[in-house]
Amino acid sequence: TKHIGILTSGGDSPGLNAAIRGVGKAALDRKMHVLGFRDGFRGLMENRAVELDSANLSGILTVGGTILGTSREKPHKMTVAGKVRDMTDAIVANYRANQLDCLVCLGGGGTQKNALRLKQAGLNVVTLPKTIDNDVAETDITFGFDTALGIATDAIDRLHSTAHSHHRIIVVEIMGHRAGWLALGAGIAGGADVVLVPEIPYRVESVADAIKKRKRGGKPFSIVAVAEGALTVAEHEALLAAPPAAKGKKSKAGIEVREMVYADRTIQLAQQLEALTDLEARITILGHLQRGGTPSAADRILATRLGTAAVDLIQAGQHGVMVAARGEATVPVALEEVAGRIKTVPVDHPWVTSARQVGTNFGD
Ligand code: F6P
């Protein structure tokens, strides 16, 4: 009998429970023994586990969040008794004590890096790509994205009412970390007039011009979908000009530009647009609404496909890989190919070119 462990790490995301169920049920079907660790890598370090069986894997397909709990804790940087310590050895010891043959880690970019570290420490790991940001390298799509896209689109649809009725600009801030997939997708689907994404630095003046042009054309209202990581041309240039960070450290300028509170930037943008256009502006920050609640059908299917494919790989003795979705297929990709990379929106991506053709302004 094979023994497998499973944990969820990083921000919660719709479809996590569907994936846990996919892995768990497929593993039970192969007569494997399945242990779920609580709260990401911390639970593995502290050996807080629950056996997953057909009873507790039932009824979770449609439920948001993760039944296992999650955290953003990293094996090599965990706070223990008030001190940040490398707890990799403790994690390896618990993996061995539980006689695991493989650990399945469900997570986004950070989780892929942590899984690679555990692979390098000698553990057998398989990962699944989970995040609403859709920014994991080597996979067409991540589970969570489709649900968040639906929520953000619905929000834009609803914001149109007020924008239109009150002749206002509505700036809606959409998640996505340093990638614009969610803002771009929801912007297209919701018919946002302006879409600002990290990949295309923008000028406030260009955005204002587009809004004024609409006003002159008889549409004195606009929806601006801004990705939380969007940068102005000036911010982007400051980042490029910043001295590179010392190895293993974050660049100071990078921290200043990137880690300015997203909401503050969105407020600033709305104020500038108000001043430049003479229209009233309001902001809406969708925040964690985008990660909550029941997963879409597409995410349930994707999570189930990826979860069961992970078990196929484990059964075949393959590990050290992420299960990627490529078209209709699921393929294993070495963790080295995935970890430390992020998949951003190419500036000539078909979504961008189509959006431009229907008149969407990118502020560039
Ligand atoms: O990665 C998912 C995500 O929701 C990002 O879009 C966002 O930047 C981040 O997580 C927010 O993290 P937290 O929930 O820890 O505030």
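**Chatting through the model**

Modeller: Let's start with His167, which is partly exposed, with 14 other C-beta atoms within 10 Å. By our cut-offs, buried means 20 or more other C-beta atoms within 10 Å of a residue's own, exposed means 12 or fewer, and partly exposed is in between, with C-beta atoms placed from the backbone. Bear in mind that this is a predicted model: local features need pLDDT of at least 70 and side-chain atom pairs count only at pLDDT 80 or more, while totals for chains, interfaces and linings use all residues. Residues are numbered from 1 along each chain as its sequence is written.

Colleague: OK. Where does His167 sit?

Modeller: His167 is in the loop between helix 5 (145-166) and strand 9 (168-174). Helices (H or I, at least four residues) and strands (E, at least two) are DSSP runs, numbered from the N terminus.

Colleague: And what is phi of His167 near?

Modeller: Phi of His167 is near 55°, a positive value in a residue other than glycine. Most residues other than glycine have a negative phi.

Colleague: What about His166, where is that?

Modeller: His166 is in helix 5. His166 also counts as partly exposed, with 14 other C-beta atoms within 10 Å. Along the chain, His166 and Pro220 are 54 residues apart, but their C-alpha atoms are separated by 9.0 Å.

Colleague: And His177, buried or exposed?

Modeller: His177 counts as buried, with 22 C-beta neighbours inside 10 Å. His177 lies in the loop between strand 9 and helix 6 (181-190). Phi of His177 is near 60°, a positive value in a residue other than glycine.

Colleague: Switching topic: which residues are around the ligand?

Modeller: They are Gly11, Gly108, Thr131, Ile132, Asp133, Met175, Gly176, His177, Glu228 and Arg291. A residue gets in if its C-beta atom, placed from the backbone, lies within 6 Å of the molecule.

Colleague: How does that shell divide between nonpolar, polar and charged?

Modeller: The shell has two nonpolar, five polar and three charged residues. Ala, Val, Leu, Ile, Met, Phe, Trp, Tyr, Cys and Pro count as nonpolar, Asp, Glu, Lys and Arg as charged, and the others, Gly among them, as polar.

Colleague: Which residues does the UniProt "binding site" annotation cover?

Modeller: The UniProt annotation, from an unreviewed entry, covers Gly11, Arg72 and Glu73. They span 63 residues in sequence, yet no two of their C-alpha atoms are more than 10.7 Å apart, so they gather at one spot. UniProt positions are in the numbering used here, feature names are shortened, and annotations may be inferred rather than shown by experiment.

Colleague: Now helix 4. What do the buried residues of helix 4 pack against?

Modeller: Their partners include helix 3 (88-97), strand 6 (102-107) and strand 13 (321-326). Among the buried residues of helix 4 are Gly109, Asn114 and Leu118.

Colleague: Last one, the whole chain. How many helices and strands?

Modeller: The protein chain has 13 helices and 14 strands. The radius of gyration is 22 Å, close to the 21 Å that the globule rule gives for 364 residues, so the chain is as compact as a globular protein of that length. The radius is taken over C-alpha atoms, and the rule is 2.2 Å times the number of residues to the power 0.38. Buried residues make up 50% of the 364 residues.

Conventions
Contact = placed C-beta atoms within 7 Å.
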